[in-house]
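User: Could you take me through this structure? I would like to go over the backbone and the packing in a short exchange.

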Amino acid sequence: MSVSAFTFLVLSAINVIWAIDIKVSLDNTKVYTPIASKNKLYYISKSNFVSYTQASTWCSQNGGGYPAEIDTAEELGLIEQYASSTNLDRIFIAGTDAKKDGVFFSQRTGAFIHIYNWANGEPNNDGGVEDCLELYGNGQGRVNDTPCNRASISHYVLCELDLF
Ligand SMILES: [Ca+2]
Ligand SMILES: [Ca+2]
């Protein structure tokens, strides 16, 4: 599918003028139908990844985005709703606490990431190896700390793209 200015007209009328020159091509066999809000586009992969690094590369190679970075409670609410609308259990978003347990920063920018809505009992750093973040999809929402690299867990990824 080609996400064009017309799509933004439908999804988010307020962005029309500014989105007019933006054209993002996303293959609908590879991504769930994207959502747009506040000059951002969000899209979830239909493939899963062994590691956060692979997931991040996928975002960049498909649409030019990056794993979604939580900036506000409102944005988290939006992407939780989007994740919940899929049947995927586990979906990577940005953030790592590899430097200090329980304090998360963006892998891309180094900015502090506040988590507004942890899942019950999280973050628990299970096994001492949960240095990345995921959203629970499949009707659940909410955030969990999860391993950045474990072959036995199927992590999808929710990407974010700046439209201007
Ligand atoms: Ca963001
Ligand atoms: Ca956890």
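User: Before we start, what kind of model is it?

Analyst: This is a predicted model.

User: How many helices and strands are there in the protein chain?

Analyst: The protein chain holds 4 helices and 11 strands. It has 164 residues, of which 39% count as buried.

User: And what share of the contacts join residues at least 24 apart?

Analyst: Among contacts between residues at least 6 apart in sequence, 63% join residues at least 24 apart.

User: Let us turn to S4. How many of its residues are buried?

Analyst: The strand is mostly covered, with 5 of its 5 residues buried. Lys40, Tyr42 and Ile44 lie on one side, Leu41 and Tyr43 lie on the other, and all are buried, which leaves both faces of S4 covered.

User: Why do they split into two sides like that?

Analyst: In a regular strand, side chains alternate between the two faces of the sheet.

User: Which strands does S4 pair with?

Analyst: S4 runs antiparallel to S3, to which 3 bridges join it. Ala36 is the residue opposite Leu41 in that pairing. S4 also pairs with strand S11, residues 156-162, in the antiparallel sense over 5 bridges. There, Asp162 is the bridge partner of Lys40.

User: What lies between S3 and S4?

Analyst: The two strands form a hairpin with 2 residues between them. Lys38 is in the loop between strand S3 (35-37) and strand S4 (40-44), and Asn39 lies in the loop between S3 and S4 as well.

User: What are the phi values there?

Analyst: Phi of Lys38 is near 50 degrees, and phi of Asn39 is near 65 degrees. Both values are positive, in residues other than glycine. Most residues other than glycine have a negative phi.

User: How exposed are those two, and why?

Analyst: Lys38 counts as partly exposed because it has 13 C-beta neighbours inside 10 Å. Asn39 also counts as partly exposed, because its number of C-beta neighbours inside 10 Å is 16.

User: Changing topic: where is the cis peptide bond?

Analyst: The cis peptide bond joins Glu122 and Pro123, with omega about 0 degrees. Pro123 is found in the loop between strand S8 (112-113) and strand S9 (132-136). Most peptide bonds are trans.

User: Is Ile113 buried or exposed, and why?

Analyst: Ile113 is buried because 21 other C-beta atoms are within 10 Å, the cut-off for a buried residue being 20 or more. Ile113 lies in strand S8.

User: What does Ile113 touch?

Analyst: Leaving aside residues up to four places away in sequence, Ile113 touches Glu69, Ile70, Ala94, Gly95, Phe104, Phe105 and Ser106. Ile113 and Asp71 are 42 residues apart in sequence, and their C-alpha atoms are 6.9 Å apart in space.

User: Last one: where is Asp97, and what does it touch?

Analyst: Asp97 is placed in the loop between strand S6 (90-96) and strand S7 (104-105). Not counting residues up to four places away in sequence, Asp97 touches Gly102, Val103, Phe104, Asp131 and Asp145. Asp97 is partly exposed, as 18 other C-beta atoms are within 10 Å. Its C-alpha atom is separated by 9.0 Å from that of Leu133, 36 residues apart along the chain.

Technical notes
Residues are numbered from 1 along each chain as its sequence is written. Chains are lettered from A and ligands numbered from 1 in the order in which they are written. This is a predicted model: local features need pLDDT of at least 70, side-chain atom pairs count only at pLDDT 80 or more; totals for chains, interfaces and linings use all residues. A residue is buried if 20 or more other C-beta atoms lie within 10 Å of its own, exposed if 12 or fewer, and partly exposed in between; C-beta atoms are placed from the backbone. Two residues are in contact if their C-beta atoms, placed from the backbone, lie within 7 Å. Two strands pair if DSSP finds at least two bridges between them.
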